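Please look at the sequence and structure first.

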Amino acid sequence: MTRHLAPPRMDRRQLLKLGLGAGAAGLLPLAGLEATTVPTRAHIVILGGGAAGMAMANRLAMRLSGARITVVEPREIHHYQPGWTLVACGVWHPDRTLRSNADFMPRGIDWIRQPAVGVDAEQRRVSLADGSIAEYDYLVVATGLQLNYHLIDGMSPELIGSHGIGSVYASLEGATRTRDAIDEWLARGSGQGLFTAAPTPVKCAGAPLKMTFTTLSRIKDTGRRDAFRLDYLTPGEAMFSQPWVDDFLKRRFDDEGVQRRHHYRLSAIDPGARQAEFTFVGPASEFTSHHELRQAEFGREGEMTEVIDYDFIHVVPPMSAPDVIRESDLIAREGPFRGEWLDTDIHTLQHNRYPEVFGIGDVIGAPINKTAASVKAQAPVVEANLLAQLQGQALPARHNGYTSCPLITDIGKAMLVEFGYDNDMAFLPSFSFIDPKEESWVAWVLKDYLLQPAYYAMLEGRV
Amino acid sequence: MNFTLSGILAVLSHAIPPFLPLILALLALLVIAQLLGRLRGYRFTAYRCVPATIVALLAGLSTLWWLPQLTGSRLAFVATATDWAALVAAALGVALLTWLVLHPLSYLVRGPRRY
């Protein structure tokens, strides 16, 4: 099923890139281009070919010689998911987020185009949808996460785009239909909009806020701001894990007349009646500790519910690791991520019980950092630690929780927020000329034009 | 998250290709205008054209309006020192490019004059 690494072949696009890079390569110190390879006969299976899986496939293909590397990824199309908020607010055409996975898959990799349906960590085996088995020596879990719309009574992804329901997370089609639902609401000329947040860790935690800000921006452009009411309903007391950003958001929402409603969890929706039911989740459920509000306990949080009419609602579903991980030995068994997320050391990204297993990306049990920027920071850590594990050495690299959120505060300006596990924004900004606490046109231009190329370079393992 | 020089080049290898036709067209325009002018005796130190300079300045100034629009934004959102530095640099670039194209072209149209 797998084969050894073969010499790479280049298509015209890759040749062009190589030419552009080679032109300036002479300016670089040679040491910057050197990368020692590690000889091994190990079989490494990477579960998932999204941002994290693809970055790891390319990095490992460059650093290992003689290894067998298998990527388990059923999708042919790669979605640039950070662009979906721009699709949903009408700034980007949906096609701008699409690329072929084959553009990024390194040569010599065995690409299994079917989903994994089970993992037996004791036997080091991955079960595939066709009944076959992939055995591994090392496993990189990069499955991404699962959207649990079914935990909201009456809600399903198929409803997005109808009955005033939007949800940017569901898919590219979902983002596009969310745009259409917002268009329809704006065409009505007035009404009530509800923007929700989820009671679990979510990928791109800024997306619900971006959807609120961009919709507000479009409403203001209609010249009828007073005819629209916007409510932001969130399960926790905080709106964002980083305290400075949280304070900023609260002030901005208050200034803009966006009603903040804390301790509200979307529990049910009646599309026909355009009504949403929210359950009061209690002041103990802070945003940063909301994983304590466990899915199994959703039904017995309390008796307090409130039904609110809406003309448009943006739904953010509860999220978890995919079922294939939740039902495996790899899931966390204790602590705040038990039963929901991959059991990894949040610094070394090595599995807490299976040292030959590493996790990267949205699937890991970590309080923050489910973003593409996090993957960019995690990939070198997993690469270094997996190679050390493979050679029987101590793990040398630690992830500091770096994550970034290009927080769009209006269509045309953004803040490039960066922080880590310490939540203190003490990181040297990636771009020293951009203050992460200032709304900026340049930050918007970066989001609109440069972060996508940076993302693709990350997939190729080059940044 | 910091980018190395090789990382920046990797990012540019994805960022530039969509704009390559535009960049090449502008470069071709510049080279052709300069080449044609110089073949007919144009030297920018020995020829003056006030209208070309005025048009170049206006083109540069107009950048302050259309560049934010082109990026889906607006001038009101150009707020930080970095924003203004980037926008002014772009305006200067547009003004310079416009002048470097129009100046030799005006020479070709008007013929050699002292100023």
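Helix packing and chain contact

Visitor: At what angle do helix α3 (residues 50-70) of chain B and α4(B) pack?
Guide: This is a predicted model, in which local features need pLDDT of at least 70, side-chain atom pairs count only at pLDDT 80 or more, and totals for chains, interfaces and linings use all residues. Residues are numbered from 1 along each chain as its sequence is written, and chains are lettered from A and ligands numbered from 1 in the order in which they are written. Helices are DSSP runs (H or I, at least four residues), numbered from the N terminus. The axes, lines fitted to C-alpha atoms over the stretch in contact, are 8 Å apart, and the angle, on a scale from 0 to 180 degrees between N-to-C directions, is about 150°.

Visitor: Is α3(B) roughly parallel or roughly antiparallel to α4(B)?
Guide: Angles under 35 degrees count as roughly parallel and those over 145 as roughly antiparallel. The angle here is about 150°, so α3(B) is to α4(B) roughly antiparallel.

Visitor: How many residues of chain B are in contact with chain A?
Guide: Two residues are in contact if their C-beta atoms, placed from the backbone, lie within 7 Å. On the chain A side there are 40 such residues, and on the chain B side 28.

Visitor: Which helix supplies the largest share of the side of chain B that touches chain A?
Guide: α1 (5-15) and α4 (81-110) of chain B each supply at least two residues of that side. The largest share is ten residues, and they come from α1(B).

Note on methods. Angles under 35 degrees count as roughly parallel, over 145 as roughly antiparallel, 65 to 115 as roughly perpendicular and the rest as oblique.
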